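Work through the exercises below with the sequence and the structure at hand, and try each task before you read its solution.

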Amino acid sequence: MLKEVKAGDRVILDAGNGVIIIDPDSDTINKYHNLSLEYEKRQMELTKQGNFPAKTKDGKSVILCANAGNLQDIKNAVQYHIDGVGLFRSEFLYMENTHFPTEEEQFLVYKEAALLCGKELTIRTLDIGGDKNLSYYQFEKEDNPFLGWRAIRISLELKDMFKTQLRAILRASTYGNIRIMFPMIISLEELRMAKEILKECQEELNNLNITWDHKIEVGMMIETPASVLLAEDFAKEVDFFSIGTNDLTQYMLAVDRGNKKISGMYNSFHPSVIRSIKKVIKAAHDNHIKAGMCGEFASDEKAVLLLLGLGLDEFSMAGKEIPNIKYIIRNSSYENAITLAENVSKKSTLKEVYEVLSILS
């Protein structure tokens, strides 16, 4: 499309819908001028809502958190009146380094993150492998790295490295409401092993008379078909779930989201993904724990009411997306969202899902 644009052409870029219009006629120009005015009006309304809670018109409250890849992300997100950080990606400490970060180096960062956030801070333990490598550690070449040695699998094998990170998180937990989250768990054996290593770290700190938050919550990512099918079992052993829709969609549909040839098949509105989300949320609530989401789907305005109706407790996204999602929630009905979600959950094709949600395919 861009190759067709010539010098002097008038172009309209509709970023929200991914549309480029070259040499639009007067009616189209007027249409988009009015849309621009409506957008500016809405942005003013978003700013005014400030620190109002994310509560529907009929009183249903949800938690809106930010995803953060470093300390600067938290600083940027705080201005949007976040309820906390639903995903703090710890891998930046490893990837932007020349060595495995020490316990003290990590402690200082986690402590600052907790103080900056001032609210709930969910730290995901190291999630490397797949498309994320380290310059100072040689990974064996893998034919399918996304199905290979990554995330919790690395941590459980490199136990000393894992314990260094866990001790740092525990030490920082006295400076704020920190939660620990394990990525890519696919079995109870893995979860229990990770929790046992965490217990070892807690005992080591106790022996050294180093304080940590004894009420610290431990949760896990739900991002594979295995974790979806075992959600009921996992929910009995963790304090919370966080659904990672980026990987969940990829693994559920067996579609490499980075492969351009099949990228059109990667879609979180697929009925199987929606039913998986529904199953996970139900398993969480049946066992009296919360279910959040930190994948990109959580910030998709076309999915907000669906997720709300499915019962999602916590939406976590890029900080700048929060005002828009809060606006949608505050101007919606939870009762209507439940009806919508029930309807969508019964659909068997993507086209049917789109029709219910009034999405243009």
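Predicted model: local features only at pLDDT ≥ 70, side-chain atom pairs only at ≥ 80, totals over all residues.

**Exercise 1.** Is Phe162 buried or exposed?

Residues are numbered from 1 along each chain as its sequence is written, and side-chain values use heavy atoms, with hydrogens and water left out.

*Solution.* Buried means under 20% relative accessible area, exposed over 50%, and partly exposed in between, with a 1.4 Å probe and protein chains only. Phe162 has a relative accessible area of 0%, so Phe162 is buried.

**Exercise 2.** Classify the ring pair of Phe162 and Phe182.

*Solution.* Rings of Phe, Tyr and Trp (its six-membered ring) pair if their centres lie within 6.5 Å; planes under 30 degrees apart count as stacked, over 60 as edge-to-face and the rest as tilted. The search of the whole structure gives nine aromatic pairs. For Phe162 and Phe182 the centres are 6.1 Å apart and the planes stand at 65°, so this pair is edge-to-face. Phe162 belongs to helix H6 (residues 159-172) and Phe182 to strand S6 (residues 178-182), 20 residues apart, where helices (H or I, at least four residues) and strands (E, at least two) are DSSP runs, numbered from the N terminus.

**Exercise 3.** Classify the ring pair of Phe269 and Tyr354.

*Solution.* Their centres lie 6.0 Å apart with the planes at 70°, so this pair is edge-to-face. Phe269 is buried at a relative accessible area of 6%, and Tyr354 is buried at 14%.
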